[in-house]
Amino acid sequence: MKQIFTVLAAMSMVVFAQEQLTYTEVIEVDSVSQSYLYNRAKLWFATAYNSSNDVLQIDNKEDGELIGKALVLYEQTFISGSEQTKGPINYTIKIFVKEGRYKYEISDFIHNPYGNDYGNKQSFGVITTDKEYSSPKWGQKKWCNRVWNDMKAQIEDNMNLLITDLKEKMIETTETKKDDW
């Protein structure tokens, strides 16, 4: 009985120690209506992704929410074992709008590699804020941590570009967007 309790306690510490990687922020936009912000966010989805129809899962104008599922392609920046990890990192992006503000939340990053011709693949699963990969295979801790940090750096780079683009598009007004055609 004592062993079962010890194992359960250790498992719960691992689960609670892992915090999912998330990017979120509330942006104040003075004197801008919810409807306008919603339309800007929807337009952003259409331009930021190859097919916003494939990305958008929830499109609720009344409640001011857009929720999509997208991916970034991961490819190791070093050669060792790169075919085992190459593939998509799926994520969820949520945009909520209210009068004078909007909030974005990008989370639920999950690595799901393609695998090679022999079926070898190394999935890193849910990406967390942990500095080291929590479940390396025996003897591969150094390699797993190198991939883990490479993966997180690529996510960071991609999300910084995505967030910068979102912020730029959300503050555009009809005056700044005028076109002399």
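In which loop is the place of Tyr 114? The model examined here is predicted. In this model, Tyr 114 lies in the loop that links strand E5 (101–111) with strand E6 (125–126). Tyr 114 has a relative accessibility of 53%. It therefore counts as exposed, since the cut-off for that class is over 50%. Tyr 114 is also part of a nonpolar surface patch, together with Leu 71 and Leu 73. The accessible area of these three residues together is about 340 Å².

Strand pairing was examined next. Strand E2 (residues 56–60) and strand E3 (residues 65–74) run antiparallel and are joined by four bridges. Within this pair, Leu 56 has Gly 68 of E3 as its bridge partner. E2 and E3 form a hairpin, and four residues separate them. Gly 64 sits in the turn and has a positive phi of about 70 degrees. E3 is also joined to strand E4 (residues 87–98), by ten bridges. These two strands run antiparallel. Here Val 72 stands opposite Ile 89 of E4.

The interior was then considered. In soluble globular proteins, nonpolar side chains tend to be buried together. The largest nonpolar core of this model contains 41 residues. Tyr 91, Ile 106, Phe 109 and Met 159 have the most contacts inside it. Two or more residues each come from strand E1 (23–28), helix H2 (34–48), E3, E4, E5 and helix H5 (141–171). H5 gives the largest share, eleven residues. Met 159 touches Tyr 23, Val 72, Tyr 91, Ile 106 and Phe 109, leaving aside residues up to four places away in sequence.

Key. Residues numbered from 1 in each chain as written. Predicted model: local features only at pLDDT ≥ 70, side-chain atom pairs only at ≥ 80, totals over all residues. Heavy atoms only, no water. Patch = residues over 30% accessible without salt bridge, like charges linked within 9 Å, V, L, I, M, F, W, Y side chains within 5 Å. Areas by Shrake-Rupley, 256 points an atom, 1.4 Å probe, with all protein chains shown as cover. Salt bridge = Lys/Arg side-chain N within 4 Å of Asp/Glu carboxyl O. Buried < 20%, exposed > 50% of the residue type's maximum accessible area, 1.4 Å probe, protein only. Pairing = 2+ DSSP bridges. Core = buried A, V, L, I, M, F, W, Y, C linked by side-chain atoms within 4.5 Å. Contact = heavy atoms within 4.5 Å.
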